[in-house]
Amino acid sequence: MRRALGGKVAMYVVLSLGAVAFLFPFYYMVIGSLQTDVDPTPAGAFPNPANLTLENYVAINARINLLRGLVNSGIFAGGVILGTVVFGVLAGYALAVLQWRGRGAVFSLALLVQVIPFQLLMIPLYVMIARDYGLSDSYLGMILPFFISSTAVVIFRQYFMQLPRELFDAARIDGAGEFRLLWNVALPLVRPALLTVVLLTFIGPWNEFLWPFLITKEASMQPLAVSLANFISNIAASTSNPFGAMMAGAVVLAAPAVALFLVFQRYFTSNDLGSGVKG
């Protein structure tokens, strides 16, 4: 009994130390964004309350429109999430549930696509989207290269493979078509997969820099990650506290992703795969 208690205490101590190690950089970023005078020493992590201010947020917002950058990032991420979920669900369902010739080869191709780096495709994509389609400086031009994700297809396929076949057989006997099966039977049982794909997909375009930087030249169309990078490269030195302003921009960029994870993380470990079958 005592040994078990000691093991549990040790586990919690190790987990607490790991949590502190992972959270400390974010904490230091927040504190750095609030400091009037920069303190790069370890003591700067515990500043004097008199040295805290919101002026850094005002300073960076005066140089770049934080709200506009957030809106652009939200539209970019939302469009990518929409396409990823819709096409990922349809393709994953077809690969896992439907019986058709060549589905194994298609799944192998989906796996193969994941080893191709996006940077290898960036130049032909830029020529096609910007020159041929004329979609530079547009939300559609930013979204299209990420509209379909092979990773999402694989995730949904694996979740759909775990569903009992009896559910689909019973629904087909009752006259349900494939789209009704997908909407009323399969999707409610793979909610953890939906939330996982949404979060993973959100983080990618929300933090994406290179492609939006290439496809957008108008500052009013640039996501916050691009605006913040331009600020750090060209404008930060003109502020009274460049370090604090950069930290303030980083906090604004990171806050939505952190909030999204905190809200939905409890769903990632839950599933209802066994709830639809008795016996």
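I shall start with T84, which counts as buried because its relative accessibility is 1%, the cut-off for buried being under 20%. Please bear in mind throughout that this is a predicted model. T84 lies in helix α3, which covers residues 66–96. Setting aside neighbours within four places in sequence, the contacts of T84 are V89, F146, F147, S149, A152, V197 and T201.

I turn now to a pair of helices. Helix α2, residues 55–63, packs with helix α13, residues 242–264, at an angle of about 85 degrees, and their axes are 8 Å apart. Angles of 65 to 115 degrees count as roughly perpendicular, and α2 and α13 are therefore roughly perpendicular to each other. Which residues meet there? From α2 come N56, Y57 and I60, and from α13 come G244, A245, A248, G249, V251 and V252.

The largest nonpolar core has 45 residues, and I60, Y93, F160 and F168 have the most contacts inside it. Helix α13 gives the most to this core, with 8 residues.

Y93 deserves a separate word. Not counting residues up to four places away in sequence, Y93 touches F160 and F168, together with L98, R172, E178, L181, L182 and A186. There is also a second, separate core of 12 residues, with F76, M122, I129 and I215 among them.

Thank you for your attention.

Note on methods
Residues numbered from 1 in each chain as written. Predicted model: local features only at pLDDT ≥ 70, side-chain atom pairs only at ≥ 80, totals over all residues. Heavy atoms only, no water. Axes fitted to C-alpha atoms, helices over the stretch in contact; angles between N-to-C directions. Helix = DSSP H or I, 4+ residues; strand = E, 2+ residues; numbered from the N terminus. Parallel < 35°, antiparallel > 145°, perpendicular 65-115°, else oblique. Contact = heavy atoms within 4.5 Å. Buried < 20%, exposed > 50% of the residue type's maximum accessible area, 1.4 Å probe, protein only. Core = buried A, V, L, I, M, F, W, Y, C linked by side-chain atoms within 4.5 Å.
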